[in-house]
Amino acid sequence: MLPKLPDFSLSLEQQFDLHMYQQLVKDLPRDELESLFIEIIRLKMAQENLAKGVIKDCLMKEAA
């Protein structure tokens with residue numbers, strides 16, 4: 001059995017923002033949606049690299 005994961009639910013403000021974005025993208029052409037989707041993935045990867053770098057730096061400082 002998998003361990004219990006932390007609660008990843010969205011705050012009310014985040015839920016509101018998500019709903020607003022859902023309304024904004026309804027009328028976007030497919031090519032714009034594809035470009036936005038690729039940009040989101042790129043930014044998520046950059047965020048992941050940043051988090052890994054911060055964790056690595058913290059671990060290196062503790063080891064020193």
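Colleague: Which helix gives the largest share of the nonpolar patch?

Modeller: First, the term. Patch residues have over 30% relative accessible area and no salt bridge, and nonpolar side chains (Val, Leu, Ile, Met, Phe, Trp, Tyr) are joined within 5 Å. A salt bridge puts a side-chain nitrogen of Lys or Arg within 4 Å of a carboxyl oxygen of Asp or Glu. Here α1 gives the largest share, five residues. Helices are DSSP runs (H or I, at least four residues), numbered from the N terminus. This is a predicted model: local features need pLDDT of at least 70, side-chain atom pairs pLDDT 80 or more, while totals for chains, interfaces and linings use all residues. Numbering runs from 1 along each chain, and side-chain values use heavy atoms, without hydrogens and water.

Colleague: What accessible area do the patch residues have together?

Modeller: About 770 Å² (Shrake-Rupley, 1.4 Å probe). Members include Phe16, Tyr21, Leu33 and Ile40. Both α1 (12–25) and α2 (30–63) supply at least two residues.

Colleague: Why does Tyr21 count as partly exposed?

Modeller: Buried means under 20% relative accessible area, exposed over 50%, partly exposed in between. Tyr21, in helix α1, counts as partly exposed because its relative accessibility is 48%. Across the 64 residues of the chain, 0% count as buried.

Colleague: How many helices and strands does the chain have?

Modeller: Two helices and zero strands. The radius of gyration is 18 Å, well over the 11 Å of the globule rule for 64 residues, so the chain is more spread out than a compact globule. That radius is taken over C-alpha atoms; the rule is 2.2 Å times the number of residues to the power 0.38. The C-alpha box is roughly 55 × 30 × 30 Å along the principal axes.

Technical notes. Patch = residues over 30% accessible without salt bridge, like charges linked within 9 Å, V, L, I, M, F, W, Y side chains within 5 Å. Buried < 20%, exposed > 50% of the residue type's maximum accessible area, 1.4 Å probe, protein only.
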